[in-house]
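Hi,

Here is the structure I promised to pass on.

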Amino acid sequence: MENHDIENAIEAILFASGEPVKLSRIAGALGILEDEAQAAAARLRDSYSFSRRGIRLVCLEDKLQLCSSPEYADLIRRTLETRKPPQLSQPALEVLAIIAYFGPVTKAYIEQVRGVDSSYTVGLLHEKELIEPCGRLSAPGRPMIFKTTHNFLRVFGFQSLKELPELPYIEGKADEKEGIQNAILELKAREGEYEAISETELNTAEIVSDSNESE
């Protein structure tokens, strides 16, 4: 296939899906190497950006997705009569930061770091698809463990968790408390800046301030 044909095929696949699609799956369908698919996706992404198009191609670790350009988020919501979700609460950002840096982790670990019950916030973040269960710990009771999702990466503008700011270290050991605070500041700064809307999120529930959580 010619480069232009590969780019058009990737565009068609992502448009039809509406969901993130694995790069390996796209490459397999097109009968090309993953490196070729990745290069074509990069050209397509750069073309959208250079031409200031209304859509963007975002890379989420090993997956690709088409979303709207952030500058058109308000217009999309006015047209489709959807509300802009409120900003995440401080407890929600704390839980996200802990899971992003130290995940996969159990709810008990999150509560140990925060010092408060976090059941309500974990449930909300799971409902919003910013975190997800990824197995159970081999320990008494086999508690669920959680990790961040591709939706988390898209919402905050990361291609992978490797782009998170490094934790500060004291005498060769991560300063957990200061690291979490730094992560919260980073997430706050990014929240809303990368407001790329996907087709599938327009009908999802909003996260409201978790005033029901025991603090």
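This is a predicted model: local features need pLDDT of at least 70, side-chain atom pairs count only at pLDDT 80 or more; totals for chains, interfaces and linings use all residues.

Residues are numbered from 1 along each chain as its sequence is written, and side-chain values use heavy atoms, with hydrogens and water left out.

Start with helix H2, residues 23–30 (helices are DSSP runs of H or I, at least four residues, and strands are E runs of at least two, numbered from the N terminus). Its buried residues are Leu23, Ile26, Ala27 and Leu30 (buried is under 20% relative accessible area, exposed over 50%, partly exposed in between, with a 1.4 Å probe and protein chains only). They span an arc of only 100 degrees around the axis, so they sit on the same side of H2 (the arc is that of the directions from the helix axis to the C-beta atoms). Arg25, Gly28 and Ala29 are exposed on the face turned away from that buried side. Just after H2, Gly31 has a positive phi of about 70 degrees.

Now the cores (sets of buried Ala, Val, Leu, Ile, Met, Phe, Trp, Tyr and Cys residues joined through side-chain atoms within 4.5 Å). The largest nonpolar core has 29 residues, and Leu96, Phe152, Phe156 and Leu187 touch the most other members. Helix H5 (90–102) is one of its suppliers, giving the largest share, nine residues. Another core, of 19 residues, lies apart from it and includes Ile6 and Leu30.

Cheers

Definitions and conventions:
Axes are lines fitted to C-alpha atoms, for helices over the stretch in contact, and angles run from 0 to 180 degrees between N-to-C directions.
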